[in-house]
Amino acid sequence: MTTEYTKPLPIPGGMYGATRGDFTQPFWEATKRHELVIQRCRTHDGFFFYPRELCPVCLSSDLEWAPVSGRGRVHAFTIVYQPNDPRFNDDAPYVYAAIQLDEGARIISNVIDIPPHDVTVDMPVVAVFEDVTPEWTLVKFRPA
Amino acid sequence: MTMRGAAAIVGFAEMPTRRTYEGRTAMGLMAEASRDAMADARIRKEEIDGLIVEGGDFYPAAIGEYMGLNPNFVTGVSTMGASGATATSVAAMAIHSGLANNVLVTLSAPRETGMPWGSPPSPGMRTEFENPYGPAVAANTGYGLMYSRHMHEYGTTQEQLANIAVNQRYNALENENAVFRGQPLTVEDVLNSRYINYPIRLLESVMPCAGGAAIILTSADRADSFPNRPVYLLGAGIACDPLTGWARERLTRSVVTRSAPIALQMAGYGPSDIQFAQFYDCYTILHAVCLEDAGLVPKGEIGPFFAATDTTYKGSFPINTDGGQLSCGQPGDAGGFRHVVEATRQIMGRAGVRQVERNDLCMVNG
């Protein structure tokens, strides 16, 4: 018995919607395999997030999608009581956090499997994958 | 040569902040505030040869047209909450560079507006990598992250920052333009208000409102011929960093670390010379961080500062003497403009019951 997933799914697109590009497709293909990949700039040898068509550090186009460990720390978090989108109302309060990955990039996600007010800054976390629909898998984090 | 002292504000007008101006338009409010500011400066419409407005939502030429202005220099600035302070700086630049003599700056919002933050019709990074995780309402999310990180790095407490809202409310009690006039607030009230998103509580957040304001700037050589005490712009600094809060390298630092030193160096003053401050206050935490980053309070010590310092208009270091956005309400991007307007009012000596004693040098942040 499955219930329909009613919350917002990722809507890929350029920063200003100029290109409904799918250059982020490798990210979502990886989450479906329950793997986390992050863009890495081969020129300056560093990871960055969110995905871009060129490196925001050195403006290089020599990029790759590189697997990362999925391990990181809660860099900062907020516990959402009043979501922007009412489709999250039934989940509130929940943790919305900036996760600092061990490899260096920072990613936005939820911290789950812990009472929201027990989350702390710098807490070690690890990626988990939620197959929310047959097409989409979200990456979330739980205490490591 | 910098634009230090090249231009002065010689007139202003402010529409009282309300939940809504029923049946009114943004342009109508801007026109009314502009008319009243011109009357305040005793300047004729035909003498206005520069116009600056908020440019993200409005075409400047359309606003000029609405009120029958035919300016020479015209532009819009779109730096969100900083638009009012930015526009004031750009007005001084235009005057200093000879592009205009008398510049009108006006911003408004006719009804309460929530920020359409990453709303579904606008594909982009937010709709792909933030919205599936449920950000909080309005602009709260990034400031919630900033708040939790500041608490972690510096031991800042919610009780300490509650004083920001409380002191500003005291300042607003007799401000006829403030939505929350006559409604006192205690630290307990703030700490008992519901969370929007931890650590941000309802009474640490601005309320979306309607309102608007206008100011008139002129060149230094003409400033003394107007009836009001001229308010000279002695220094300005403008800086920008990632719009996406979590993408900033240090979540607990704002761009004021870069803009304030530029302004202070131009003015030839240090932070300790500043007599009172009007600082952006969409949320207590951003207000706190900006005061630190301007050098008015040592980094990380904003919590103890607010626990120990009377920042009301009667206090040792008055801040947001009109109640700020937290007590007056936030009419969209015009919200931050109130800090320019109140600084002007205080320096002109027209703040009435809340007039500060030392009113010669104010630092404004947008």
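Q: Where in chain A is A:His34 found?
A: A:His34 is found in the loop between α1 and β1 (37-41) of chain A. These labels are DSSP runs numbered from the N terminus: helices (H or I) have at least four residues, strands (E) at least two. Phi of A:His34 is near 60°, a positive value in a residue other than glycine.

Q: What kind of model is this, and how are the names and values set?
A: This is a predicted model: local features need pLDDT of at least 70, side-chain atom pairs count only at pLDDT 80 or more, and totals for chains, interfaces and linings use all residues. Residues are numbered from 1 along each chain as its sequence is written, chains are lettered from A and ligands numbered from 1 in the order written, and side-chain values use heavy atoms, with hydrogens and water left out.

Q: What makes residues of chain A and chain B count as in contact?
A: Contact means heavy atoms within 4.5 Å. On that rule, 43 residues of chain A are in contact with 34 residues of chain B.

Q: What is the area buried between chain A and chain B?
A: About 3400 Å², with 60% from carbon and sulfur atoms. Buried area is the accessible area (1.4 Å probe) that two parts lose on being put together, summed over both. In chain A, the residues that lose the most area to chain B are A:Gln82, A:Asn84 and A:Tyr96, together 19% of what that side buries.

Q: Why is the pair B:Arg149 and A:Asp122 called a salt bridge?
A: The term needs a side-chain nitrogen of Lys or Arg within 4 Å of a carboxyl oxygen of Asp or Glu. The N to O distance here is 3.5 Å, so the pair qualifies. The count between chain A and chain B is one.

Q: What does the salt bridge of A:Lys7 and A:Asp91 tie together?
A: The N to O distance is 2.5 Å. A:Lys7 lies in the segment before α1 of chain A and A:Asp91 in the loop between β4 and β5, so the pair ties together parts that are 84 residues apart in sequence. Over all chains, the structure holds 26 salt bridges.

Q: How do you know that β4(A) and β5(B) pair?
A: Strands pair if DSSP finds at least two bridges between them. A:Ile79 stands opposite B:Tyr198 in β5(B).

Q: What makes β3 and β8 of chain B edge strands?
A: Chain B has an open sheet of six strands in the order β3-β2-β4-β7-β1-β8, with mixed pairing. Its β3 (73-77) and β8 (231-232) each pair on one side only. Strand β2 (residues 50-54) of chain B and β3(B) pair in the parallel sense over five bridges. The bridge partner of B:Ile52 in β3(B) is B:Thr75.

Q: How do you know that chain B agrees with a compact globule?
A: The radius of gyration is taken over C-alpha atoms, and the globule rule is 2.2 Å times the number of residues to the power 0.38. For 366 residues the rule gives a value near 21 Å; chain B has 19 Å, which agrees. The C-alpha trace of chain B spans about 55 × 50 × 40 Å along its principal axes.

Q: Which omega goes with the cis peptide bond of A:Ala92 and A:Pro93?
A: Omega is about -5°. A:Pro93 is in the loop between β4 and β5 of chain A. The bond from A:Phe49 to A:Tyr50 is also cis, with omega near 15°.
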